[in-house]
Amino acid sequence: MASTDNAGKGLLLKADPIANEFKEEVKSTLAQLPKPPKLVGILSTSAAPSKFYAEFTKKQCDDLGVEFVLKKVGSALDPEKLADGEGVEEAIIEANEDESVDGIMVYYPIFGVQQDHYLQQVVSPFKDVEGLNFRFHYNLYHNIRYLKPQDLLNPPSMTNEPPPPAIEDKPPAGTVKSILPCTPLAIVKCLEHIGVYNKILPYGDRAYGKTVTVINRSEVVGRPLAALLANDGARVFSVDIDSIQEYTKRPRASDSSSKYHPRHVVRPCTLTLHECLAQSDVVVSAVPSASYKVKTEWLKDGCVCLNVAADKNFERDVREKASLYMPTIGKVTIMMLLRNLLRLQEYRKLLAETSSQESTSQS
């Protein structure tokens, strides 16, 4: 669903047509299951964005027939008597131990970056629909796209042999796709739909030749997104409040004999934001501030712009420069969350089968 009105010459693309593609995929998978999966959302603050996201998640789950249970603790339960985050860790542990629960999502922010990161590790990797567990981030940053579910029971090892290469996005025998964080994955899916990814190129390098600026380097959105794009072949400028870094698999220009790296490397960047934007084919902004705006005049003619923040990070005339602008991707993010939920069900099923086979072989 795209429109061209008087706000600019570029297209305004809504998330609906992209989300609907994955909605059909989720529906098809759900129809084959003996019972719908159960997702528990844990809301522990009275913050309006978190409350809205929880309600939005419930609506999408209800529409598709996924069982969604919203567990309120802390100030979400009683803002007069309870503090933000009170009881949240206990609620996570309870959901971890509940065999009827297939997935857990916690509505952040709660305490702040460091303590929230701790809570993300409390969630079992077998129920982590948001893909924020350390094991999934390790795989993402090391460009490990597939795993054996039983490997999640052990710490990562540098001596483990990587799985055989994938062919056209299909997991090698005995492996499943590693869970990816919902929002960065949703952005990649939007870029694939738009055509930023070149389907003619080999899988794993389809963003080759593209330059992308990602404004935000949080551990939830910006940094994993920069790594995903760079591991797919793009040159990425990662912009944060105090620095700019370059994420890339490319060898340094001075080293003509070097091969491309198997996964992205991070290098300091001396370019200004203005200089990064001037050469970027894609600009993604996820700055949680109503006052922050990407200057339209700094954009490259014909670029693609995606707004991922709750507030609009682009100026109103963005489509005077951008060939395509997506003001929100929330509906695609929810579909990625539900795909992760179904994938985690597959993890647990494969783990149970492996455990059963091992028990049989030992008896």
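How many bridges join strand S3 to S5, and do the two run parallel or antiparallel? Four bridges join S3, residues 38-43, to S5, and the strands are parallel. Strands here are DSSP runs of E with at least two residues, helices are runs of H or I with at least four, and both are numbered from the N terminus. Two strands pair if DSSP finds at least two bridges between them.

A word on the model. It is predicted, so local features need pLDDT of at least 70 and side-chain atom pairs count only at pLDDT 80 or more, while totals for chains, interfaces and linings use all residues. Residues are numbered from 1 along each chain as its sequence is written, and side-chain values use heavy atoms, with hydrogens and water left out.

Back to S5, residues 103-106. Ile-104 is the bridge partner of Val-40. Ile-104 and Val-106 point one way, Gly-103 and Met-105 the other, and all are buried, meaning under 20% relative accessible area with a 1.4 Å probe, protein chains only. In a regular strand, side chains alternate between the two faces of the sheet.

Next, the cores. A nonpolar core is a set of buried Ala, Val, Leu, Ile, Met, Phe, Trp, Tyr and Cys residues joined through side-chain atoms within 4.5 Å. The largest has 69 residues, and Leu-229 is among those with the most contacts inside it. Helix H9, residues 330-362, gives the most to this core, with eleven residues. Apart from it lies another core of 19 residues, including Phe-314 and Val-318.

Last, Thr-296, in the loop between strands S12 and S13. Thr-296 is buried, at 3%. Its contacts (heavy atoms within 4.5 Å) include Val-318 and Lys-321, not counting residues up to four places away in sequence.

Note on methods. Buried means under 20% relative accessible area, exposed over 50%, partly exposed in between (1.4 Å probe, protein chains only).
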